[in-house]
Amino acid sequence: MMRKTMLAATAILLSGPAVMMGQTGMTSGGPALGSQVAPSKSADALLRIFEGECMGVVKTMPAEKYDFSPASLKIPGSKFDGVRTFGEQVKHLAEANFYFASVVAGGKQEMDEKTIAAMKTKDEMVGALASSFAALHKANATLTVQNSFEVVDFEGQKATRSMAAAFAVAHGFDHYGQMVEYLRMNGLTPPASTK
């Protein structure tokens, strides 16, 4: 029994890199093992995975459900009061992505929070999120061997440009997980679960 468990665990661990490589487009024809990949390409590969899954979710939720939050379900014993609606999650991600892009690239945010906060329709919010991903891709393209580990101000803390690029994805997946639950609470299947 122990041997079967160890073999299963080994198989799972070994399949992880293959899955990730397939999702990022990196296959046996990609960079050779032991070769160097530019920091910009490495950061962007991770961002593309997140972007694909996130944009799938925001496009799947119907426009009339963008004001949905679990508080509306009134589940006994639940504590959902004050949580963001689906649309507010999308706007928050767009705002955050624009901020992270400005930290990574060292410039001003391409779209300000007030503009995003004023958005009311699904099309506006999805457009802002798509634009924020474009800003992150542009920012990631500025990462070099020389500047990736340069210390910058990150919400009043000290961090590196590459850390800000990675945190954009980590932060985003946190909200992606919440939005997936919102979809499921509405009887919808996230696109990543249909593959």
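**Salt bridges and a helix pair**

Hi everyone, let's start with Arg 48, which forms a salt bridge with Asp 44, the closest N and O atoms being 3.2 Å apart. By salt bridge I mean a side-chain nitrogen of Lys or Arg within 4 Å of a carboxyl oxygen of Asp or Glu. This is a predicted model, where local features need pLDDT of at least 70 and side-chain atom pairs count only at pLDDT 80 or more, while totals for chains, interfaces and linings use all residues. Residues are numbered from 1 along each chain as its sequence is written, and side-chain values use heavy atoms, with hydrogens and water left out.

Back to our pair. Arg 48 and Asp 44 both sit in helix α2, four residues apart, about one turn of the helix. Helices here are DSSP runs of H or I with at least four residues, strands are runs of E with at least two, and both are numbered from the N terminus. Asp 44 counts as buried, at 13% relative accessibility; buried means under 20% relative accessible area, exposed over 50%, and partly exposed in between, with a 1.4 Å probe and protein chains only.

How many salt bridges does the structure hold? Three. Another joins the side chains of Glu 110 and Lys 138, at 3.2 Å from N to O. Glu 110 lies in the loop between α3 (86-105) and α4 (113-117) and Lys 138 in helix α5, so the pair ties together parts 28 residues apart in sequence. Lys 138 is exposed, at 54% relative accessibility.

Then there is Glu 150 with Arg 161, a salt bridge of 3.1 Å, N to O. Glu 150 lies in the loop between α5 and β1 (151-154), and Arg 161 in helix α6, so this pair links parts 11 residues apart in sequence. Glu 150 is partly exposed at 35%, whereas Arg 161 is buried at 12%.

Now, on to helix packing. The axes of α2 (residues 39-60) and α6 (residues 161-185) come within 10 Å and cross at roughly 20°. That makes α2 roughly parallel to α6, since angles under 35 degrees count as roughly parallel. The contact residues, with heavy atoms within 4.5 Å, include Leu 46 and Phe 50 of α2 and Phe 173 and Tyr 176 of α6.

Finally, Phe 133 in helix α5 (residues 122-140). Phe 133 is buried, at 0% relative accessibility. Leaving aside neighbours within four places in sequence, Phe 133 contacts Leu 47, Phe 50, Glu 51, Cys 54, Met 55 and Asn 97. The C-alpha atoms of Phe 133 and Glu 51 are separated by 7.0 Å, though the two are 82 residues apart along the chain.

Key
Axes fitted to C-alpha atoms, helices over the stretch in contact; angles between N-to-C directions. Parallel < 35°, antiparallel > 145°, perpendicular 65-115°, else oblique.
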